[in-house]
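This report describes the structure shown below.

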Amino acid sequence: MTGRVRWVLMGSLLLPLTFVMSLDRTNMTVSAPVIQEKFGFSLAEMSVILTSFFWTYALFQVPGGLLAQKIGPRKTLTGASVWWSLFTLLTPFGGNFLGFTAIRALLGVGQAADWPTSVLALRRWFPTSERSRGNSLLLAGLYLGPIVGTPLTVWLISQFGWEWSFYLYAVVGFVIAGAWWLLMRDRPRDHPLVGEREAAHIENGQPAETEVRTNWRTFVSSGQFWAVGLQYGFLILIQGFFVTWLPTYLVQDRGFSLKEMGFGASLPWVAMLVMVFVTAAVTDRILRHTGSVLKARVPLAIGGFLVSAVFLILAALTPNPWTMIALLMVSLGGVGVVQVQVWSACQDLSGKYAATVSGWANFWGNLTSALGPLFTAAMVALGANWTLALIVLGSSGVLGAVCWIFVRPDRPLSVGGQASSTEAASLV
């Protein structure tokens, strides 16, 4: 046995920390109608407050990754979680439009460092053969937010008032930040509970960071670098519909009651969470049997994109509402398949620069998180129906699949490895 400290640490620290980060987003979405009524905000003002988070979250992805590479995941994630917990605590004191907008924007600055830092930590703590399952812990924390956070926040609002979800989640965030600082180390060998066999197992399963030589010119001149960023933008266009507009769509266009909507809107997220764990296990199994990160990651990513696109379009065209929910479950499950491959491929491609490349991908994803809902709302407002809007969103999945043709996880950016278009085309 090589030891299980890496699994215990990531399962008991990184997953809860990411879950709390997700709660700090979910509580504002759930509380938005109450806040809007209490302070008399217009729909346009409330939209600005909600999206101000995504703009700063997108813009600070790469800087957050660079900071993690410079000072390490332990310090970066401790500081980031204290930062975003503080601004979660301050949210009820926003008072007016500018106050709420500024607080949500500053919350985005702090949370921006979480994802690239977490991906860097996972790269250092898991060998390549376990990377997909390691990433599934991170994704599970993120997707538990809307599953657990929505009913929990509604209950807190009904029992104690809308402010108390912010207070509670902030306190939990401070506690987990302290636990991360006390119990985590930047590298396995630095941890007192990690034995020699486990440390050797991790190190033997990944290239040494000292061998990596790269710079920004290498990145921006690489087609892979752009393909990884763009595919994630297309992926989040689809996922963003489920995050932002699904409840509204179910009530306004499909005639769901509020109770039916609460149940129906949660089912796709359950399907996604299940698929994240299933895909992680399947991906690592393929990798063990083939020894090829290319075969383990790219075909599944392309398949996941196409499934998510096709079933989103089918759901939009299906008249029966519960059949539509079942199709949406398959669509978001396909997104989950791709999500596992995205962060594993970022780690494969980037060497010690995992945080930078992950921040780059997440920048594109959160840029579309900010723009996608506005685009969908504009289409509906300008006279197009929801069906056409969903067909357009679904088509982005085809573009995402095309991007993956040019991704070669077996040829890291840091060593100049890159597939030609002819080589990549032979994958499909």
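## Confidence of the model

The term pLDDT denotes the predictor's confidence in each residue, from 0 to 100. This is a predicted model, in which local features need pLDDT of at least 70, side-chain atom pairs count only at pLDDT 80 or more, and totals for chains, interfaces and linings use all residues. Residues are numbered from 1 along each chain as its sequence is written, and side-chain values use heavy atoms, without hydrogens and water.

For the protein, the mean pLDDT is 84, with 89% of residues at 70 or more. Residues 210-214 stay under 50 and have nine contacts (heavy atoms within 4.5 Å) beyond four places in sequence. The stretch 415-428 is also below 50 in pLDDT, and the model gives it 23 contacts beyond near neighbours in sequence. Where pLDDT is low, the predicted coordinates should not be read in detail.

## Nonpolar cores

A nonpolar core is a set of buried (under 20% relative accessible area, 1.4 Å probe, protein chains only) Ala, Val, Leu, Ile, Met, Phe, Trp, Tyr and Cys residues joined through side-chain atoms within 4.5 Å. The largest comprises 94 residues; Met-10, Phe-241, Phe-242, Leu-250, Trp-343 and Trp-404 have the most contacts inside it.

Beyond four places in sequence, the residues touched by Trp-343 include Trp-115, Tyr-232 and Asn-362. A second, separate core has 11 residues, among them Val-30 and Trp-162.

## Helix α4

Val-82 lies in helix α4.

Technical notes
Helices (H or I, at least four residues) and strands (E, at least two) are DSSP runs, numbered from the N terminus. Buried means under 20% relative accessible area, exposed over 50%, partly exposed in between (1.4 Å probe, protein chains only).
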